[in-house]
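Biologist: I would like a close look at a single part of this chain. Please keep it brisk.

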Amino acid sequence: MCNPPFYSNPEEVAQSAEAKEFIPNAACTGSGSEMITPGGEVAFVSRMFCESLQYKSRCRWYTSMLGKLASLPDTVTLLRINQIDNYAITEFVQGQTRRWAIAWSFGTHRLPDSYGRINNPTLQSIMPARTTLYQQLSVFPSLSVLSSTLDRALLDIDGLSITWDNSSQSCLVKATANTWSRAARRRKAEMSSQPFSTSRFSPVVMQCRIYCREDVSSEKHRLHLEYQWVEGNERNIFDSFVNHVNRKVSSISTAT
C-alpha cells in the first residue's frame, strides 16, 4: 500500500490544518518530503498509474492511500480514460481521521463489493460496477431444495466446472466459453451431432461463486441466490450468465 505525499505545497498543509473541525489528537510529524510533492497526491498517484502501464499484470494489484476525498474522482477518471474497469475504492477510519484507498488491476480476478465499494451516496458515480448480484426467491421451502434446483440448472449448461461447498451452501462455477447465450445455443442446435468439448487447459472466461442464502431477519425467511463474480474480463458474460441461471432456476421450480 503506497502512502503518498498528500499536499502540493506548504500552504495547502496549513489550509488543511485550519479546516479541521476538531483539534488533532496528535501532532503531525511528517517531514516536507513526506507530505509535499508537485501536484499533490493526485499527480503522485497519476505518475504511479503511468508506471503501472509498463508493468501491468506483473503485479496483481496496485494500491495507494489518498488523504483527500476530492482526489478520488480525478483518480478514477484517469483509470476510466485508460479503460481500467477492474478497480476498487475503500476507506479507513480511525477516531476522527478518515482516509481513502484506490486499487486497480490489469488482471482478471475481481474483488467482492465488500472490499471494492463503499456506501457513500456522494461517491456512487465513481464506484466500480458491482461484482455481487442478488436474486430474491419466494417459492422454495428450504435451502436444500434451492441448492438442488440450482445444481440441476447448472448441470444443464454445457462446459461448466461446478464445485460444491456444502458447508457454505455455495458452489464455484468456472466457464471456458459462453455456452448459454442465445447465439451459442443456436449454434449448438445446428451442430447437435457434435457434443460440446473443452480442455482443462482452456482459459477461464468467467468464474463466479453462487451462494444459496436465507434472510433470517425476515419473518418469512425468504431465500435468495447471491452471485459473486470471481474472475473474468467481460462484464456482459457475467451478467448474461446470472440472468440465464435465474431463468432456469425459476423455470425448474415452476415445472415442479
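Biologist: In which helix does Arg182 lie? Take me through that part and its setting.

Modeller: Arg182 lies in helix H7. Bear in mind that this is a predicted model. Helix H7 covers residues 182-190. Arg182 has a relative accessible area of 67%. The cut-off for exposed is over 50%, so Arg182 counts as exposed.

A patch of positive charge sits on the surface. Arg182, Arg185, Arg186, Arg187 and Arg247 make up this gathering. Helix H7 is the main contributor, giving the most to the patch with 4 residues.

For contrast, turn to Ser71. This residue is placed in helix H4, which covers residues 71-81. Leaving aside residues up to four places away in sequence, Ser71 touches Glu41, Val42 and Leu66.

Now the wider setting. The chain has 8 helices and 8 strands. Its length is 256 residues, and 37% of them count as buried. The accessible surface of the chain is about 15,300 Å². Carbon and sulfur atoms hold 50% of that surface.

Contacts complete the picture. Take those in the chain with a separation of 6 or more: 66% of them join residues 24 or more positions apart.

Notes
Residues numbered from 1 in each chain as written. Predicted model: local features only at pLDDT ≥ 70, side-chain atom pairs only at ≥ 80, totals over all residues. Heavy atoms only, no water. Helix = DSSP H or I, 4+ residues; strand = E, 2+ residues; numbered from the N terminus. Buried < 20%, exposed > 50% of the residue type's maximum accessible area, 1.4 Å probe, protein only. Contact = heavy atoms within 4.5 Å. Areas by Shrake-Rupley, 256 points an atom, 1.4 Å probe, with all protein chains shown as cover. Patch = residues over 30% accessible without salt bridge, like charges linked within 9 Å, V, L, I, M, F, W, Y side chains within 5 Å. Salt bridge = Lys/Arg side-chain N within 4 Å of Asp/Glu carboxyl O. Lys, Arg positive; Asp, Glu negative; His and termini not counted. Charge placed at Lys NZ, Arg CZ, Asp CG, Glu CD.
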